[in-house]
Amino acid sequence: MKRKICFVVSYPGTARAFLKTPMQKLSPEYDIYLVANTNGSDMMSDLPIKELKDVGIERRPKLFADLKALRQLYRYFKKNGFYAVHSYTLKASLLTAIAGKWAGVPKRIRNFSGQLWCNMTGFKRKFYKAIEHIIVRRDNYFMVDCNSQRQYLIDEGILKSPDQAYIPANGSVCGIDINKFDKQERDWNFRRNYAADNEKIILGRKEIYENNDYKMYMKYYNELSFIILKINKKYAEYTNTSKHNCHK
């Protein structure tokens, strides 16, 4: 009988973006379960999971919703007797750490992937850092994206030493698919033809971030979206033409 591993995320897209490859590698030896706030939609049909559990994990603090989600997680962990639970994002990690500890899950893994509080000040910074401390005191395995992130967490007092956190695949959580970087995707002729449009996108984003202006964001949104769609459409036409010419 296979051991069971449960991944917990707030948003299903996180699992698709970061966990698909780890799940594929683990599934021959473990039964994989996924907990996410699906909002009633099944977006995970292509993942190698035995079960998708819908739990209303909200990203923003919502006391009653959070308590309900905590109870659901505890019951689910207790019922299934998981060998390990692995959480992503701050809210999902907080609820998983508490429920996993209460349910007696042997391996409770927290994946640090960006710190929500790093640019905050005052009470908000202290509040979210306190949540990190609660998680660290209840989980017993930790993963980070890179050496600099691990050192930052040590400097901020979240972790105690480098040995406390593991860097998967030298800094790549979901691995690197080299097939995504073939010659066709790096066709410089196409890029040269649409360099001006790419410059507009880069400069527009730069101006938005530097000014941190919501109205400016709305001003650029439609224009940038149109440019991106135009480039994607032209690239699709270009690649289809290239494939057709190659077969001639």
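Predicted model: local features only at pLDDT ≥ 70, side-chain atom pairs only at ≥ 80, totals over all residues.
Leucine 63 sits in helix H3. Together with Leu63, they make a nonpolar surface patch of about 390 Å².

**Next stop: helix H4**

Select residues 90-103. That's helix H4, with 14 residues, and from its first C-alpha to its last it reaches 20 Å.

Is H4 mostly covered or mostly open? Covered: twelve of its 14 residues are buried. Among them are Leu90, Leu94, Leu95, Ile98 and Ala103. To see what does the covering, show strand S1 (3-8), helix H3 (63-80), strand S4 (84-88), strand S5 (107-111) and helix H5 (122-138); what covers the buried residues of H4 includes these five elements. Before leaving, click on glycine 104, which follows H4 and has a positive phi, near 75°.

**Zoom in on lysine 91**

Go back into helix H4 and pick lysine 91. Is this lysine buried or exposed? Its relative accessible area is 11%, and the cut-off for buried is under 20%, so lysine 91 counts as buried. Which residues does lysine 91 touch, leaving aside its neighbours within four places in sequence? Highlight Ser10, Ile57, Glu58, Arg59, Arg60, Pro61, Lys62 and Asp66 to find out: lysine 91 is in contact with each of them. For one of these, aspartate 66, look at the side chain: it makes a polar contact with the side chain of lysine 91, at 2.9 Å.

**On to the salt bridges**

Side chains of opposite charge can pair when their charged atoms come close. How many salt bridges does a search of the whole structure find? Five.

For one of them, select arginine 110 and glutamate 132, whose closest N and O atoms are 2.8 Å apart. Arginine 110 lies in strand S5 and glutamate 132 in helix H5, so this pair ties together parts that are 22 residues apart in sequence.

**Last stop: a network**

Now select arginine 125 and glutamate 156. They form a salt bridge, with the closest N and O atoms 3.1 Å apart. Arginine 125 is in helix H5, while glutamate 156 is in the loop between helix H6 (147-155) and helix H7 (188-193), so the pair ties together parts that are 31 residues apart in sequence.

Show the three residues at once: Arg125, Lys129 and Glu156 are linked in a network of salt bridges. How covered are they? Arginine 125 counts as buried at 18% relative accessibility, and lysine 129 is buried at 16%. Glutamate 156, at 21% relative accessibility, counts as partly exposed, because buried means under 20%.

Methods: Residues numbered from 1 in each chain as written. Heavy atoms only, no water. Helix = DSSP H or I, 4+ residues; strand = E, 2+ residues; numbered from the N terminus. Expected span 1.5 Å × (residues − 1). Buried < 20%, exposed > 50% of the residue type's maximum accessible area, 1.4 Å probe, protein only. Contact = heavy atoms within 4.5 Å. Patch = residues over 30% accessible without salt bridge, like charges linked within 9 Å, V, L, I, M, F, W, Y side chains within 5 Å. Areas by Shrake-Rupley, 256 points an atom, 1.4 Å probe, with all protein chains shown as cover. Salt bridge = Lys/Arg side-chain N within 4 Å of Asp/Glu carboxyl O. Polar contact = N/O pair within 3.5 Å; in protein donor to acceptor, adjacent residues only side chain to side chain.
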